[in-house]
Amino acid sequence: MTSNAYTHKITTSKMRGRMLIIMLGIFTVGFGLLIYRLFYLQVINGEEYQRMALQQQTRSITLGANRGSIYDTNGNILAQSATVWNVCVSPAQLDMESFDTAAAALAEILDVEKSFILEQAADRGSYYKRIKRRIERELMDRVDEYIIQNKVPGVFFEEDTRRYYKYGSLASTLLGFTNADNQGAYGLEARYESILAGTPGVEVSAKNARGQEMSRMFSQRYEARDGNSIVLTIDESIQHFLERHLHTAVVEHNIKARASGIVMDVKTGAVIAMATKPDFDPNDPYTLSPADQSILDEGFEPGTEEYQKKRTELWYGQWRNKAISDPYEPGSVFKIVTAAAAVDSRKVSLNDHFYCSGVVDVSGVEIHCWRRTGHGQQDFTTGMQNSCNPVFIALGQRMGGPALFNYMQNFGLHSRTGIDLPGEANSIYMPLNLLSKEGMVELSSTSFGQSTKLTPIQMITAASAAVNGGKLMQPYLLKQVLDPAGNVLSTTQPVMRRQVISEEASSTVRGLVEAVVADGSGRHSAIPGFRIGGKTGTSQKLDQEGDEHILSFVGFVPMEDPQYAVLVMLDEPYLPGETAYGSTIAAPVVGAIITDMLHYAGYEPQFTEQQLAEREVSVPDLMGEKPHEAQAKLTSLSLQTRIIGMGGTVIRQIPLSQSVMPKGGTVFLYTDEEDLRDDIIVPVLVGLSAMEANRLLTDSGLNVKLEGTILDGVPMVVTEQWPLPGTQAGTGDIVVITLQQAD
């Protein structure tokens, strides 16, 4: 072998070795990359690709869970979910040649476009298309009857759930509502979404290799788990009383900026009723009131951006819970806090005297009393009765800015109350440096309720602390949480945040507010036979142009042992030619609410011997008067009132004026003619106690006249009645009952 041939052989061998090494390297690198890619796909990003594969191989349908119910404190249902049905089609199973006729029929029954149904049915690879959501049983039965009679394949129903609010607009700004996905969108529905919502179920069905859904027999169903229920502190009956009287007040006094009211248990902080009027129906929350719809239609072009923006503004306006979201000038209602602070700090006693000329000069600034001619000499109790501004200016100056600031802070007026509702606003108040300013102008205006803005929930919580022994309670609405079987999971316990004034000081405040109602500015809320306390408020909106006012009143009952506080706030009454005060406008509204509450709760009036001796009174002429003003007159005569209708003026009264009737009887005031009745059936009364008979007749729309001697402390029963049971009577007719001592 020549040297050249040998050299060539060696070179070829080396080249082959190098090629082998290179190929081995390429193979190793490629295999390594493949291993890494597989590791990346299966380990690092495996879950994501498994999810994508599962989506390609299956289709899932969410099964809605029934939201838990919402109950009032007595177990009455305020909101609950009920089963409804979605109407669906399975295009893969439809006979399209004959389905055109069925589509037309379904479109008419379900009130949907036929073209929409045909569009859904055109997806021939699908086994599931929804053509109508959440229909009720009656409509479902009509569809079911049609598809059975006409043998229409491929149409089926899917269970769903829908929220219902039993009493319509009752407590709507409190309860809120749910959105299209059955989630809490506002109010308590949103606040307790995690409790009420439950856990949705799912139905998983398989797809074939072409991505088409397979028959429903290849599916697995996982049932939804219903949400827990909540029990509120709200009493549905008292909520009705509050809303009915607020509505009447809005109408009779032309309230432009809505009215709000709260009823609270002063001992626990439990909210028994809360309302804003006008409001909305949570069953249909996106429908505006006729007045708001008129504003929208007359001022904006449908379809424009301005139209949509204004409509959204009006929606939020009607949903807004004014009782917690809108700070307002409390006016003289705030004097309860100033009085409590001054008494507790021993800066005033009941024997202190003050002089009111009608105006006070504070560092060159004239601050007027509401009574421009002044009140003259008066002691502290009389100054409270008169709601005299100079008296409270003097109290503020005696305490000084830092002390009043600290008391306001302790009364919870510098922070949100923490009530379990979304959207609570905070107060607007003078900072310490301004309240302590040398001239004392800011301190003086703050002391009688101006220069401060509070939410109604802050005001009633502070006022309750002033009369309940000095305990600032945490306001709350959630009483209990129940599981789907009705078992109690948790119960809310009242929380005392702090002691703000002494029991002794609170006792003095109770006497002061009772005097306001007995013979002061709050006398229009007085109820014969009951001890009521309260404080009026009339405030000007200083941060707005014009002469707009807010009228308010807070009342307490019974003053022997205060249980309830009732606050009503009327924002911007429009009364041309009239002077509007909280004492004449808001106080009668609170008096009417308290009257209904006392009757409902079973409280009995306590009359003096002289009052009992004068058992009959003459009914005054009330025609043309505002309902609450008429009620205040009747209450002062120891007569009860039933306001019937939604109008703002009395158009008929029964009995007529000058009629003689027993004290405690009911005068019916009609504001709508169509509400008059003449078909009341007299109930059976014999054997009932006097109280039971009286309640039954009052609830029936009838009056009672008692015959026989009533012995104090001795049980009495009805032995005779006229007219006889079953007799037809008219509204307000008198039924005479004879009483004798029970056997």
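I take helices (H or I, at least four residues) and strands (E, at least two) as DSSP runs, numbered from the N terminus. The model I am reading is predicted, so I kept to the rule that local features need pLDDT of at least 70 and that side-chain atom pairs count only at pLDDT 80 or more, while totals for chains, interfaces and linings use all residues. Residues are numbered from 1 along each chain as its sequence is written, and side-chain values use heavy atoms, with hydrogens and water left out.

The elements that give two or more residues to the lining are β13 (365–368), α14 (380–386), β19 (533–540), β20 (549–557) and α21 (582–601), and the largest share, 5 residues, comes from β19. By kind, I note 12 nonpolar, 23 polar and 8 charged residues in the lining, with Ala, Val, Leu, Ile, Met, Phe, Trp, Tyr, Cys and Pro counted as nonpolar, Asp, Glu, Lys and Arg as charged, and the others, Gly among them, as polar.

I counted a salt bridge wherever a side-chain nitrogen of Lys or Arg is within 4 Å of a carboxyl oxygen of Asp or Glu, and the structure holds 26 of them. One of them joins the side chains of R67 and E189 at 2.9 Å, N to O. Because R67 lies in the loop between β1 (58–63) and β2 (70–71) and E189 in helix α7 (residues 187–191), this pair ties together parts that are 122 residues apart in sequence. With buried meaning under 20% relative accessible area, exposed over 50% and partly exposed in between (1.4 Å probe, protein chains only), R67 counts as buried at 4% and E189 as buried at 0%.

I then turned to D141 and R137, whose side chains meet in a salt bridge at 3.5 Å, N to O. Both lie in helix α5 (residues 137–149), 4 residues apart, about one turn of the helix, and they count as partly exposed, D141 at 35% and R137 at 48%.

The salt bridge between D326 and K322 is listed at 3.5 Å, N to O, and both of these residues are buried. I also note that D326 and K322 belong to a network of salt bridges that links them with R320, K541, D571 and E572.

I checked strand β26 (residues 666–670) and found it mostly covered, with 5 of its 5 residues buried. In a regular strand the side chains alternate between the two faces of the sheet. Here T666, F668 and Y670 are buried on one side, and V667 and L669 on the other. Strands pair if DSSP finds at least two bridges between them: β23 (residues 640–644) runs parallel to β26 with 5 bridges, and Q640 has T666 as its bridge partner. Strand β24 (residues 652–654) runs antiparallel to β26 with 3 bridges, and I654 stands opposite F668.
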